[in-house]
Amino acid sequence: MKIPVLAISIWMFIGMTVLGVFGYIYVLWNQYWRLTLEKHQMLIRNFRKSSYSREIAGKEIPVRHFPHMPHVAKHFDNSSSLVTSRYNLSKVPTDKLMSKINTYKNQLIVQLRKSQLDAGNVIFDKKDKNRYNVNFKGQRPLSYKTAKALVCEAKKVIKIEMLTQNTEPFKSLGYGRLFPSQPINKVLGKFQTCAIVSSAGSMYKSKLGKEIDAHDAVLRFNSAPTEGFEDDVGTKTTIRILNSQVVSKPEFDFFQSPLYRNVTMIAWDPSKYHGNLTYWYKNPDFDLFTSYWIRRKMYPDESFYILNPEVQWIAWDYIQKNTPGHVEPNPPSSGFLGILLMMEMCNKVDVYEYVPSMRLTKRCHYFDVHEDIGCTFGDWHPLSSEKLLTLALNVATDVDIFLTGKITISGTNSEKC
């Protein structure tokens, strides 16, 4: 039986069409990844060419903690006496001291940038890695803005809000009355100078305690103690920011520990990206609400607030809008939320060991011996992106940042925008 010429022609046409479609898809796919790679390379070039990056060109970082960069490990080991004490500097010539600071600074930024790019790539992976449904539709910059421009933008777009007695669904559920009647800014007022004390392992043996306590207000995080570490972290605590695990898990002894008495406390828990408060109340990451209601009934006059979760995503958007490349789609850390809070409340904010100084160590916290370099560069929060942006916000000297261990940020009310 002969196959009609028309049928053969039709099948040949269909086959050529299918091959053409697949070929076109392949070309588009190849073009997409080529452009993506070129864009990442362009971002890195622009980052290196920016006025901020020009200051740190051609320098290295101590890398005994970074096995993939063994060529500078020797430098770090030979510098150990310098990075463990900032009081032996009289024996170090100024030029050598600045050289060590500069070499550390450059490669720290390189490592933060690498961690940022690696973490941001989860956006291209499976959807289950974007558990908060982050869907950013704004524009990313090609380089970092000036410190003043970043402060002015924070002043414009960020307002740190707590849940109040009128916030729904809590008011309708009868829980609104348990929130403090006075807003946090009226309870605390404004401050001239503020210190934010990270819980980083590099605070250990820093001898920064007296300097920290000289500030008008001091912010600490979670279960970080002062007792036994006064020389390094000081004694004063004005505000303590707590994640929902600290409030809800028994091992933190939230109801009995003196850490959580006679201070203003702010608890927070992640919600979906710009999500619904009713859904969040029914589906928190950790059940902070049960503990909060109990605590408020026990101590009704206590200054204890819950951060409105919308603030977290406004803060995340602020990071992404001012960061070249993709930011990891998880909520900002307590540290970055604390920075934005104190920028509203203080004229000048000193942030200690949030960006690691030359005391950098694998030690997670100054008060325990657990080691995990992810505590510095981020295993979950977009820490690397936060720290790069914080460096852009900074107005302190390199000696302040990388030797003393503090960055300085202007408060939003101290800049004329």
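Before we start: a residue is buried when its relative accessible area is under 20%, exposed when it is over 50%, and partly exposed in between. Keep in mind that this is a predicted model.

**Exercise 1. Work out which residues of β7 are buried on each of its faces.**

Solution. 
- Step 1: Pick one face. K406, T408 and S410 sit there, and they are buried.

**Exercise 2. Find out how β6 and β7 pair, and which residue stands opposite K406.**

Solution. 
- Step 1: Check the direction. β6 and β7 pair in the antiparallel sense.
- Step 2: Look at the bridges. The pairing runs over five bridges.
- Step 3: Find the partner. Opposite K406 in β7 you'll see Y352.

**Exercise 3. Follow the salt bridges of D350 and say what the one with K406 ties together.**

Solution. 
- Step 1: Start with K348. This lysine forms a salt bridge with D350, and the closest N and O atoms are 3.9 Å apart.
- Step 2: Compare with the cut-offs. K348 has a relative accessible area of 35%, so it is partly exposed, whereas D350, with 2%, is buried.
- Step 3: Move on to K406. D350 also forms a salt bridge with K406, with the closest N and O atoms 4.0 Å apart.
- Step 4: Widen the view. E211, K348, D350 and K406 are linked in a network of salt bridges.

**Exercise 4. Decide whether E302 and R261, which form a salt bridge, are buried or partly exposed.**

Solution. 
- Step 1: Find the contact. The closest N and O atoms of E302 and R261 are 3.9 Å apart.
- Step 2: Locate the ends. E302 is in the loop between α13 (288–298) and β5 (304–306), and R261 is in the loop between α11 (244–248) and β4 (264–268); the two are 41 residues apart.
- Step 3: Read off the accessibility. E302 has 11%, so it is buried. R261 has 33%, so it counts as partly exposed.

Methods
Residues numbered from 1 in each chain as written. Predicted model: local features only at pLDDT ≥ 70, side-chain atom pairs only at ≥ 80, totals over all residues. Heavy atoms only, no water. Salt bridge = Lys/Arg side-chain N within 4 Å of Asp/Glu carboxyl O. Helix = DSSP H or I, 4+ residues; strand = E, 2+ residues; numbered from the N terminus. Buried < 20%, exposed > 50% of the residue type's maximum accessible area, 1.4 Å probe, protein only. Pairing = 2+ DSSP bridges.
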